[in-house]
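Try each task yourself before reading the solution.

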Amino acid sequence: MASKATVPFLVTMMLVTGVCNTILNKYQDMQCVRNCDSPDPKYRHTFEQPVIQTIQMFIGEMGSWLVVLFSYLYQRYIAPRLSSNSSPLLAGGYHPVHNDDGLDEEEEDYTIRGPEYLRDSTKPDETPDGRIRLQGWRIFLLAAPACCDIAGTTLMNVGLLFVAASIYQMTRGALVLFVGLFSVIFLHRKLHIYHWAALFVVVLGVALVGLAGALFSQGHESVPENAAAAITHALREVQTTARTPEAVQTLIGVLLIAAAQIFTASQFVLEEWILEHYAMDPLQVVGWEGIFGFSVTVIGSIIMYLAVGRTEAGRYGYFDAKEGWRQILHNRPIAISSFLIMISIGGFNFFGLSVTHTVSATSRSTIDTCRTLFIWLVSLALGWETFKWLQVAGFALLVYGTFLFNDIIQPPLKACLPRDRRERVILPEEPIEHI
């Protein structure tokens with residue numbers, strides 16, 4: 001377990017890399033690639049390659065193998081030298097942290113008691129906790145969550161073309177709804193009344209975020225000076241804005257991002273089921289999913305380019321991979337942002353897993369929810385969107401629902417809690433009554 005002093009660093013880096021990843025993706029979508037000199041903005045074409053952005057994400061995930069390699073080299077070559085050093089500060093050398101897989105305990109028992117211990121206690125392909133090692137042909141099980149990741153990420157990248165970065169991140173809050181539902185259906189988890197109430201609050205928050213984006217699109221005339229004119233202006237906006245192409249695009253974007261959460265939730269549930277029955281280091285899980293996702297996406301993009309992308313109708317479209325790679329190689333801002341996106345997603349996965357190991361998965365999901373606030377603030381500072389009170393209300397509901405679902409805060413009614421938790425809440429208060 002890492003020291004408490006490293007936890008703030010891990011949390012900070014998780015927030016920084018997560019915010020950078022979303023902002024960089026949106027920045028990349030805003031880069032003009034054709035007809036950039038046209039005085040009319042509607043004739044300018046921006047970078048629209050969600051499939052290539054999905055490939056970038058999987059390349060970043062494959063970067064986990066670099067961490068695995070450095071860890072292996074450290075334990076193989078550096079740690080033995082440190083352990084043999086006579087200095088009292090370096091005595092003992094490197095000791096691997098015990099993890100949930102029980103792999104380090106197994107190595108210790110192997111060292112102390114010899115190989116006979118492992119033959120007597122476990123099967124050759126099992127860990128002490130009864131799980132099967134995820135190796136050999138079983139590694140292909142990770143292709144299933146990787147395919148879900150492909151569908152979810154591609155849909156979210158398409159949705160990000162139509163909405164602001166903060167709306168994109170807030171709409172992703174619907175993930176907790178589908179994860180909760182799928183956990184009950186497929187993993188037979190039990191959700192209490194307050195869990196379902198929290199899911200309803202999250203959905204309501206996502207709906208408010210989508211409504212704010214649809215009703216109050218950017219680029220309208222300045223706000224009237226007096227209150228009466230402002231009210232008239234707002235009523236006219238509500239009546240007419242919903243019929244504008246911008247509002248329709250925002251609504252489509254929100255629906256695409258919300259639908260993507262179904263695939264992302266399927267990915268999480270599949271990963272949880274796999275890791276319940278099979279043992280593998282989480283970083284290697286990310287690395288293997290990156291390999292499978294990259295392979296399937298590249299093969300799929302080639303097929304779609306041959307079938308659709310090179311036709312006249314598909315030219316410059318989502319499946320025109322040749323044009324997409326040409327734009328990356330000949331546009332410096334897009335090329336630089338692509339490199340930074342790969343680094344940021346790799347760093348986000350690494351620091352997120354580190355937070356899960358050092359603190360808890362609940363803390364990780366809570367921190368990820370707070371990431372929405374920073375993305376919104378950065379978008380406001382960059383002038384990419386305007387301040388909307390309805391969007392703030394949706395964000396507040398998202399945070400409250402996520403905190404309630406993850407047991408960070410207690411429900412307003414104690415009757416919503418299960419009986420054992422109600423007793424734990426009441427018992428500590430009894431001694432106070434005798435003071």
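A helix here is a DSSP run of H or I with at least four residues, and helices are numbered from the N terminus. Keep in mind that this is a predicted model.

**Exercise 1. Find where Gln56 sits, and decide whether Gln56 is buried or exposed.**

Solution. Start with the helix: Gln56 is in helix 2, which covers residues 50-62. Next, take the relative accessibility, which is 3% for Gln56. The cut-off for buried is under 20%, so Gln56 counts as buried. Finally, see what surrounds this side chain. Once neighbours within four places in sequence are set aside, Gln56 touches Gln28, Ile328, Ser338, Ile341, Met342 and Ile345.

**Exercise 2. Work out what kind of aromatic pair Trp376 and Phe387 form.**

Solution. A search through the whole structure turns up 10 aromatic pairs. In the pair of Trp376 and Phe387, the centres are 5.6 Å apart and the planes make an angle of 35 degrees. Stacked needs under 30 degrees and edge-to-face needs over 60, so this pair is tilted. Now place the two partners: Trp376 belongs to helix 15 (residues 361-382), while Phe387 is in the loop between helix 15 and helix 16 (389-405), 11 residues apart. As for cover, Trp376 is buried at 8% relative accessibility, whereas Phe387 is partly exposed at 42%.

Rings can also gather in a group: ring pairs join Trp65, Phe140, Trp288 and Phe292 into a cluster.

**Exercise 3. Find which residues make the nonpolar surface patch of about 720 Å².**

Solution. The members are Leu66, Leu69, Phe70, Tyr72, Leu73, Tyr77 and Ile78. Pick out Phe70, which lies in helix 3 (residues 64-83). Its relative accessible area is 54%, and exposed means over 50%, so Phe70 counts as exposed. Then look at Tyr77, another patch member: Arg76 lies over the face of this ring, 5.3 Å from the ring centre.

**Exercise 4. Sum up the whole chain: how many helices and strands does the chain have?**

Solution. Count the secondary structure and you get 18 helices and four strands. Then check burial: 42% of the 435 residues count as buried.

Technical notes
Residues numbered from 1 in each chain as written. Predicted model: local features only at pLDDT ≥ 70, side-chain atom pairs only at ≥ 80, totals over all residues. Heavy atoms only, no water. Phe/Tyr/Trp six-rings, centres within 6.5 Å; stacked < 30°, edge-to-face > 60°. Helix = DSSP H or I, 4+ residues; strand = E, 2+ residues; numbered from the N terminus. Buried < 20%, exposed > 50% of the residue type's maximum accessible area, 1.4 Å probe, protein only. Lys NZ or Arg CZ within 6 Å of the ring centre and 35° of its normal. Patch = residues over 30% accessible without salt bridge, like charges linked within 9 Å, V, L, I, M, F, W, Y side chains within 5 Å. Areas by Shrake-Rupley, 256 points an atom, 1.4 Å probe, with all protein chains shown as cover. Salt bridge = Lys/Arg side-chain N within 4 Å of Asp/Glu carboxyl O. Contact = heavy atoms within 4.5 Å.
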